[in-house]
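Subject: Structure handover

Hello,

The structure is below for your use. My notes on what was found in it follow.

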Amino acid sequence: MSDTESFIQGDIFAEPEGYFQAEPEAHFAEYVREQVPSASKSQKKEVRLRLVGSSPLWGHLLWNAGIYTANHLDKFPDLVKDRCVLELGAAGALPSVVAGMIGAKKCVVTDYPDADLLQNIQYNVDHEVFDGEALPSDGAGASERNVVVEGYIWGNDYAPLVSHLPCGTTKFDLVILSDLVFNHTEHLKLLQTTKDLLAQDGKALVVFSPHRPWLLNDDLQFFETAKDFALVPEKIEMVNWKPMFEEDEETSEIRSRVYAYYLTHA
């Protein structure tokens with residue numbers, strides 16, 4: 001065999017068949033508002049929420065906590081009607097979409113400044129709150145909308161969030177924390193942000209499910225730690241829904257729980 005002949009057949013730099021796995025595509029989740037308040041700005045009942053194909057930040061699922069929160073806002077529209085609302089860690093942003101439909105004066109919907117996540121939230125705001133009217137590429141007209149999207153890391157400078165509020169306003173009447181307390185290392189930042197941005201007579205709505213049952217006590221510690229920030233926890237209720245994941249049957253009851261609390265200033 002000559003030096004120019006090869007034992008290897010084909011392209012040695014080609015990836016093996018089946019090696020490349022395409023990123024999952026964005027998908028949609030249907031949500032139906034259980035009750036639409038008579039004073040709601042939009043009477044639309046069905047929400048078609050787009051979710052990213054995959055996300056290390058878990059933005060690719062419509063969580064029970066988000067559904068509960070959206071239901072709660074429609075049930076108690078005075079929480080958001082003509083009020084300033086902030087949602088932290090919004091993922092698909094269902095609660096903020098519903099807040100916009102009810103008629104929040106200004107809703108600032110935030111998540112980690114990941115381009116795919118933020119673009120997806122903007123898509124949902126454009127299509128479900130503003131009926132497909134997308135913002136121009138330069139963002140012109142965003143300030144006139146009652147729902148705006150902002151990338152934000154908990155505990156960072158509040159100026160980008162406050163800049164969206166009406167002149168003379170520096171606080172939010174409602175702060176939404178939907179399925180965030182699982183992130184135990186971030187409790188202090190979440191609570192500091194909530195304390196600093198919550199109006200004196202406002203409420204924070206905290207909703208979560210214990211997806212890791214063995215860490216339920218760590219989840220609940222969030223509300224004990226809140227007291228150190230002069231935030232008073234008030235349990236609204238705990239309900240049982242279908243668990244998000246089909247896993248160990250022994251833990252299904254705990255994982256089915258949806259806890260809801262208010263936090264208010266002491």
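Aspartate 179 sits in the loop that runs between β6 and α5. Its phi is near 55°, which is a positive value in a residue other than glycine.

Before the rest, a note on the source. This is a predicted model, in which local features need pLDDT of at least 70 and side-chain atom pairs count only at pLDDT 80 or more, while totals for chains, interfaces and linings use all residues. Residues are numbered from 1 along each chain as its sequence is written, and side-chain values use heavy atoms, with hydrogens and water left out.

Overall picture

The secondary structure of the chain comes to seven helices and nine strands. Helices (H or I, at least four residues) and strands (E, at least two) are DSSP runs, numbered from the N terminus. The chain has 266 residues, of which 47% count as buried. Among contacts with a separation of 6 or more, 70% are between residues 24 or more positions apart; contact means heavy atoms within 4.5 Å.

Around serine 178

Serine 178 is placed in strand β6 (residues 172-178). It counts as buried because its relative accessibility is 8%. Its side chain reaches the backbone oxygen of alanine 65 at 3.4 Å and the backbone nitrogen of glycine 66 at 3.3 Å. Leaving aside neighbours within four places in sequence, serine 178 is in contact with Ala65, Gly66, Thr69, Glu87, Gly89 and Val207.

Alanine 93

Another positive phi in a residue other than glycine belongs to alanine 93, where the value is near 70°. Alanine 93 is found in the loop between β3 (84-88) and α2. With 1% relative accessibility, alanine 93 counts as buried.

Helix pairs

Two packed helices are described by the angle between their axes and the distance between the axes. Here axes are lines fitted to C-alpha atoms, for helices over the stretch in contact, and angles run from 0 to 180 degrees between N-to-C directions.

The axes of helix α1 (residues 64-75) and helix α2 (residues 94-102) come within 8 Å and cross at roughly 15°. That makes α1 roughly parallel to α2 (angles under 35 degrees count as roughly parallel, over 145 as roughly antiparallel, 65 to 115 as roughly perpendicular and the rest as oblique). The crossing of α1 and α2 is right-handed, meaning that the near helix is turned clockwise from the far one by less than a right angle. On the α1 side, Gly66, Ile67, Thr69, Ala70, Leu73 and Asp74 meet Leu94, Pro95, Val98, Ala99 and Ile102 of α2. By class, this contact has eight nonpolar, two polar and one charged residues (Ala, Val, Leu, Ile, Met, Phe, Trp, Tyr, Cys and Pro are nonpolar, Asp, Glu, Lys and Arg charged, and the others, Gly among them, polar).

For helix α5 (residues 187-197) and helix α6 (residues 216-228), the axes come within 10 Å and cross at roughly 40°. That makes α5 oblique to α6. The crossing of α5 and α6 is right-handed. His187, Leu188, Leu190 and Leu191 of α5 make the contact with Asp218, Asp219, Phe222, Thr225 and Ala226 of α6. In the contact of α5 with α6 there are five nonpolar, two polar and two charged residues.

Regards

Notes: Buried < 20%, exposed > 50% of the residue type's maximum accessible area, 1.4 Å probe, protein only. Polar contact = N/O pair within 3.5 Å; in protein donor to acceptor, adjacent residues only side chain to side chain.
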